[in-house]
Amino acid sequence: MVGYIHFTGRRGRVQLWRHEALGLTVWEARLPGTEESRLARRRMAKGLDRLEGTGCRRLLSPCPLVPYYPLVHTRSLWQAVAAPLALAALREMGLEPRQAVVALHGERMTRSYVRTCVLLAREVKALSLSLEREETFCWDLQRELGLPLVEGAGAVTLSFLPGVARPAYFPLGDEDPSVPGFRPFLPGLELPPDCPELPVLAALLEAGRLPLAEVQMLPPPPAREAAGRLPARSGPARPPFSV
């Protein structure tokens, strides 16, 4: 079970609410007031006590009162949706995937690395693969899928190693990767108020409850939405991409 703390900005008392997302139990510690109020620490402590009482052992977002409390991290999620991320980035750049090369970096051959290669093999012109540990997988992939393998940079690079994001370069190896603009999205998934979306998707993936084939990648919002003129979850202005 996972949980999160939600300051309502209203009067009231500390309450515990139980929600479900695709069969995953999500506990919400609903706290009155705001995080800046003088009673915030006392209310957070009470909320954490109630969450622990339910058997909740991980939070969906950090708690300032207890920064060392175990969290749900999103690295596995981002690596699992790396293929739709690459395709969305290519189209956002105005490139046709069938004419583009995607580069993949990694330490070793993992399940997500292999899955990404297999999915992209159906969609892109070629892959440029780089593994810190020598693997024969590159040649097996080329032989089994008839996929061209090239050397050098790609139009988009997916790195399964830690790093700093930059245009067309997505490092997915940190505990919680930073991927500016793009957002995984599961159509039909309804979340409770103020519930962190990406950690819930990550928790569903860990529990084997996330239908990966249905996850879509929302591209960066239009400039007017990024400036705050439209709500962040008003719906995609452009088609999302999925694999």
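Two aromatic pairs are present in this predicted model, where rings of Phe, Tyr and Trp (its six-membered ring) count as paired if their centres lie within 6.5 Å, with planes under 30 degrees apart called stacked, over 60 edge-to-face and the rest tilted. In one of them, the ring centres of Phe170 and Phe182 are 5.8 Å apart and the planes stand at 85 degrees, so the pair is edge-to-face. Because Phe170 belongs to strand S8 (residues 169-171) and Phe182 to the loop between S8 and strand S9 (183-185), the pair ties together parts that are 12 residues apart in sequence. Helices (H or I, at least four residues) and strands (E, at least two) are DSSP runs, numbered from the N terminus. Phe170 is buried at 5% relative accessibility, and Phe182 is buried at 9%; buried means under 20% relative accessible area, exposed over 50%, and partly exposed in between (1.4 Å probe, protein chains only).

Residues are numbered from 1 along each chain as its sequence is written. Local features need pLDDT of at least 70 and side-chain atom pairs count only at pLDDT 80 or more, while totals for chains, interfaces and linings use all residues; side-chain values use heavy atoms, with hydrogens and water left out.

Phe170 also figures in the largest nonpolar core, which has 49 residues; together with Leu85, Val102, Leu104, Leu120, Leu127 and Leu158, Phe170 touches the most other members. A nonpolar core is a set of buried Ala, Val, Leu, Ile, Met, Phe, Trp, Tyr and Cys residues joined through side-chain atoms within 4.5 Å. Helix H3 (residues 82-92) gives the most to this core, contributing eight residues. Another core, apart from this one, has 17 residues, including Ile5, Trp27, Ala29 and Leu51.

Helix H3 is largely enclosed by the rest of the structure, because nine of its 11 residues are buried. Its buried residues pack against helix H2 (75-80), strand S5 (101-106), helix H4 (111-121), S7, S8 and strand S10 (216-218). After H3 comes Gly94, with a positive phi near 80 degrees.

Strand S7 (residues 156-159) contains Thr157, which counts as buried at 9% relative accessibility. Leaving aside residues up to four places away in sequence, Thr157 touches Ala103, His105, Ala168, Tyr169 and Phe170, contact meaning heavy atoms within 4.5 Å.

Tyr169 takes part in a further arrangement: the charged end of Arg166 sits over its ring, 3.9 Å from the centre. Such a placement requires NZ of Lys or CZ of Arg within 6 Å of the ring centre and within 35 degrees of the ring normal. Arg30 likewise lies over the face of Trp17, at 3.8 Å from the ring centre.
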